[in-house]
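Colleague: I have a model open and would like to talk it through. Could you take my questions as they come?

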Amino acid sequence: YRYVWGGTSFSRDGGVDCSGFVKLVYREFGYTLQRTSREQAQRGTKISQSSLKPGDLVFYGNNSSGYINHVAIYIGNGKVIHASNRRDGIKISGLNYRKPIKCVRYIND
């Protein structure tokens, strides 16, 4: 699927951004999440990076201010899946491809 800023659709004509991707994936498993990464970071249970399990959310942004502007889903083995940008679309990256600001657990919360 392609990356579309503000996108919330897996349809051929649509696309998703990072938080739209997370929202749709979680919806497939019966969870309702907020629309933006900043809103998603305010719910669930904050966890340490060392406690990450597949399905947990990892938030990125400005480390000095704590401003969150990106979210990914942890998939295990030090990797996340996320809607990256227009060029790369949805992809798998290393957990520390950017410095995580916050980790949150929604599943079994």
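Colleague: Is Cys103 buried or exposed?

Modeller: Cys103 counts as buried, at 4% relative accessibility. Buried means under 20% relative accessible area, exposed over 50%, and partly exposed in between, with a 1.4 Å probe and protein chains only. Keep in mind that this is a predicted model, where local features need pLDDT of at least 70 and side-chain atom pairs count only at pLDDT 80 or more, while totals for chains, interfaces and linings use all residues. Residues are numbered from 1 along each chain as its sequence is written, and side-chain values use heavy atoms, with hydrogens and water left out.

Colleague: How many disulfides does the structure hold?

Modeller: It holds 0 disulfides, a disulfide being a pair of cysteine sulfur atoms within 2.5 Å. For Cys18, the nearest cysteine sulfur is that of Cys103, 15 Å away. Cys18 is buried too, with a relative accessible area of 7%.

Colleague: Which residues of H1 are buried?

Modeller: Cys18 is one of them, and the others are Ser19, Gly20, Phe21, Val22, Leu24 and Tyr26. After H1 comes Gly30, whose phi is positive, near 90°.

Colleague: Back up a bit. How many helices and strands does the chain have?

Modeller: There are 2 helices and 8 strands. Helices (H or I, at least four residues) and strands (E, at least two) are DSSP runs, numbered from the N terminus. Along the sequence the pattern is β-β-α-α-β-β-β-β-β-β.

Colleague: What is the radius of gyration of the chain?

Modeller: The chain has 13 Å, which agrees with the value near 13 Å for a compact globule of 109 residues. That radius is taken over C-alpha atoms, and the globule rule is 2.2 Å times the number of residues to the power 0.38. Along the principal axes, the C-alpha atoms fill a box of roughly 40 × 30 × 25 Å. Of the 109 residues, 43% count as buried.

Colleague: New topic. Where does Pro100 lie?

Modeller: Pro100 lies in strand E8, residues 100-105. Pro100 is buried, with a relative accessible area of 11%.

Colleague: And which residues does Pro100 touch?

Modeller: Leaving out residues up to four places away in sequence, Pro100 touches Gln49, Val58, Phe59, Tyr60, Asn63 and Leu95. A contact means heavy atoms within 4.5 Å. Gln49 is 51 residues from Pro100 in sequence, and the two are 8.3 Å apart in space, C-alpha to C-alpha. Across the chain, 48% of contacts between residues at least 6 apart in sequence join residues at least 24 apart.

Colleague: What about the largest pocket, which residues lie nearest its centre?

Modeller: Trp5, Asp17, Ser37, Arg38 and Asn69 do, out of 13 lining residues. Helix H1 (18-28), helix H2 (37-40) and strand E5 (68-76) each give two or more residues to the lining. A pocket is an open set of points on a 1 Å grid over the protein atoms alone where a 1.4 Å probe fits, with protein on both sides within 12 Å along at least five of seven lines; lining residues have an atom within 4 Å of a point.

Colleague: How much space lies in that largest pocket?

Modeller: About 250 Å³, the volume being the space filled by probe spheres set on the points.

Colleague: Last one. Is Asn77 buried or exposed?

Modeller: Asn77 counts as exposed, at 78% relative accessibility. Asn77 sits in the loop between E5 and strand E6 (79-85), and its phi is near 55°, a positive value in a residue other than glycine.
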